[in-house]
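Here is a friendly tour of one protein model, written for someone who likes to know the cut-offs behind each term. Please take a look at the sequence and the structure before reading on.

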Amino acid sequence: MNEKKLTPKSENYSEWYNQLVQRAEMADYAPVRGCMVVRPYGWSLWENIQAKLDSRFKATGHVNAAFPLFIPMSFLEKEKEHVEGFAPELAVVTIGGGSELEEPLIVRPTSETIIGHMYAKWIQSYRDLPVLINQWGNVVRWEMRTRLFLRTLEFYWQEGHTAHATSEEAEAETRQMLDIYADFARNEAAVPVIPGRKSESEKFAGAVRSYTIEAMMGDKKALQSGTSHNLGQNFAKAFDIQYLDETNTLQYCWTTSWGLSTRFIGAIIMTHGDDQGLVLPPRLAPIQVVIIPIFRKDEEQTRVMEAVKAVQAQLSGFRVKVDDRTEVTPGFKFNQWELRGVPLRLEIGPKDIANDSVALARRDIPGREGKSFVPRQGLAETVADMLEKIQANMLEKATTFRDENIHEPQDYAAFKEIISQDGWCYVWWKPNADNEAKIKEETKATLRCLPLNQTGGKGKCIFSGQETSEKAYFAKAY
RNA sequence: CGGGGUGUAGCGCAGACGGCCAGCGCGCCGCGUUUGGGACGCGGAGGUCGGCGGUUCAAGUCCGCCCACCCCGACCA
């Protein structure tokens, strides 16, 4: 931890990740096993993620609310698959105020049940539909193995829960939210994702259909980065969420749920990070431009700091940080802000003042190539333009990397070979849970998704050889 | 829960055969010189050696039990 350089990605990827998260002050280990403290820099990134998602939710008619952390144990038991799926990872509260509770409370692992309970109260008529509510909160799942951001006992997320009059409407909502996640991932986080449907064995406990956005990390492992579920009438029936339709007939609602968590921060780190540290997409970066003043003598300091103030004012439209510490050298600051992934570094020294210019260094292009000297005139436009270029370049680089590592083997032997080298396989697939399990056992690869934009046509299933019209992605995953 | 490993200053570590004052690097604090790619000098602060018990004149050091964490497997956003 005290060495100056990070462990290189190529040497030990998970060590690189662990060091980076901590050294960049994104998060730290909490005193409780598997729990994390999200530090201000990490939380700031999360707030920007929240803002981008929340505005998309609002624009599509959703409203926010807050439901309780505690859920009666019995609620979970009302939906068979749901309880089976979550029972092993529940935290249960049995004592309150010093005395044994009549009914144990679970700390929510997700809120379908308690929200379903409330929807049953609130919904009476088709006129009450649809109900489109989102909640920002935390949930607890007692996981075996944990990693900062990727899998912690407690994590932060948003969970949307909607109720509709028809199956078609619920499916449309499920797909709409998946589209929103995909759009957010690509256009705000520069994380290229593949939207698709989960297989039966990978779907959410209690869902009819689950959709996912899958991303490829820097070690080529897949990360499920957001999910959207069509719950059909499963929860409506379990919780009596019913409405009277136009013909005065009692009907069960059709519900959905969709979530994206702080795990996505892990996706950003592992999609873009390099051996110098984080590389944050400009649209989400807590700090977009860091200004580093450079001076020797007091006289220089005065002049430089004046120029810094002026430049800062020019850049008031951006998230700017001036690093005016005098106890560390500029070189130290360069490294530190690169570690923390700030997209653009702006240097101002005596030479720049003489030239009426500033030096700009792009985080996405290391070294001299990424550095340029630009005039002070029109600096705001230059910076805006450069941030856009960085954002675009990051998406392009990540997309290229991903596509280079997706292969289309023609037989199972080739499939195994690719998986053993951590590549992704895009193959014809005839849905079959047993075969899926066998592949997982033999190769450790799981069916990541059946992508939404299928190439069409027919082919022979990579495993069973049966004719099929669907293709699937297989990969090792987090 | 099975297999392997580690607990000594904030972090990373060193401390033969037990021996008296527990050390090194980084970081931290003070002063001075520095400052365009991780500065340097001098002076400081900081420790229940994971816990409990045992052996011994004497225990980071040997023995036992416990605890915590890490890595590898079975579960997962």
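This is a predicted model: local features need pLDDT of at least 70, side-chain atom pairs count only at pLDDT 80 or more; totals for chains, interfaces and linings use all residues.

Residues are numbered from 1 along each chain as its sequence is written, chains are lettered from A and ligands numbered from 1 in the order in which they are written, and side-chain values use heavy atoms, with hydrogens and water left out.

**The whole chain**

Chain A has 14 helices and 25 strands; both are DSSP runs numbered from the N terminus, helices being H or I with at least four residues and strands E with at least two. The radius of gyration of chain A is 25 Å, close to the 23 Å that the globule rule gives for 478 residues, so chain A is as compact as a globular protein of that length. That radius is taken over C-alpha atoms, and the globule rule is 2.2 Å times the number of residues to the power 0.38. The C-alpha trace spans about 80 × 60 × 45 Å along its principal axes.

Of the 478 residues in chain A, 53% are buried (under 20% relative accessible area, with exposed over 50% and partly exposed in between, for a 1.4 Å probe and protein chains only). Among contacts (heavy atoms within 4.5 Å) with a separation of 6 or more, 69% come from residues 24 or more positions apart.

**Salt bridges**

A salt bridge here is a side-chain nitrogen of Lys or Arg within 4 Å of a carboxyl oxygen of Asp or Glu. By this rule the count comes to 25 salt bridges. Three of them are set out here.

| Pair | Closest N to O distance |
|---|---|
| Glu 188 and Arg 56 | 3.0 Å |
| Glu 171 and Arg 209 | 2.9 Å |

Glu 188 pairs with Arg 56. Glu 188 lies in the loop between α6 (167-187) and β9 (193-197) and Arg 56 in helix α2 (residues 40-59), so the pair ties together parts that are 132 residues apart in sequence. Glu 188 is buried at 8% relative accessibility, and Arg 56 is buried at 16%. Both belong to a network of salt bridges that links Lys 52, Arg 56, Asp 183 and Glu 188.

Glu 171 pairs with Arg 209. Here Glu 171 sits in helix α6 and Arg 209 in strand β10 (residues 209-216), so parts 38 residues apart in sequence are tied together. Glu 171 counts as buried at 15% relative accessibility, whereas Arg 209 is partly exposed at 29%.

**Helix α13**

Which residues of helix α13 are buried? In this helix (residues 412-420) they are Tyr 412, Phe 415, Ile 418 and Ile 419. Seen down the axis of α13, these residues fall within an arc of 115°, so they line one face of the helix; the arc is that of the directions from the helix axis to the C-beta atoms. Their cover includes β20 (406-407), β21 (424-428), α14 (433-443) and β25 (471-475).

At the N-terminal end, Asp 411 caps α13, with a side-chain oxygen 3.1 Å from the backbone nitrogen of Ala 413. Just after α13, Asp 422 takes a positive phi of about 70°.

How values were computed: A polar contact is a pair of N or O atoms within 3.5 Å; within protein, one must be able to donate a hydrogen and the other to accept it, and residues adjacent in sequence count only if both atoms are side-chain atoms.
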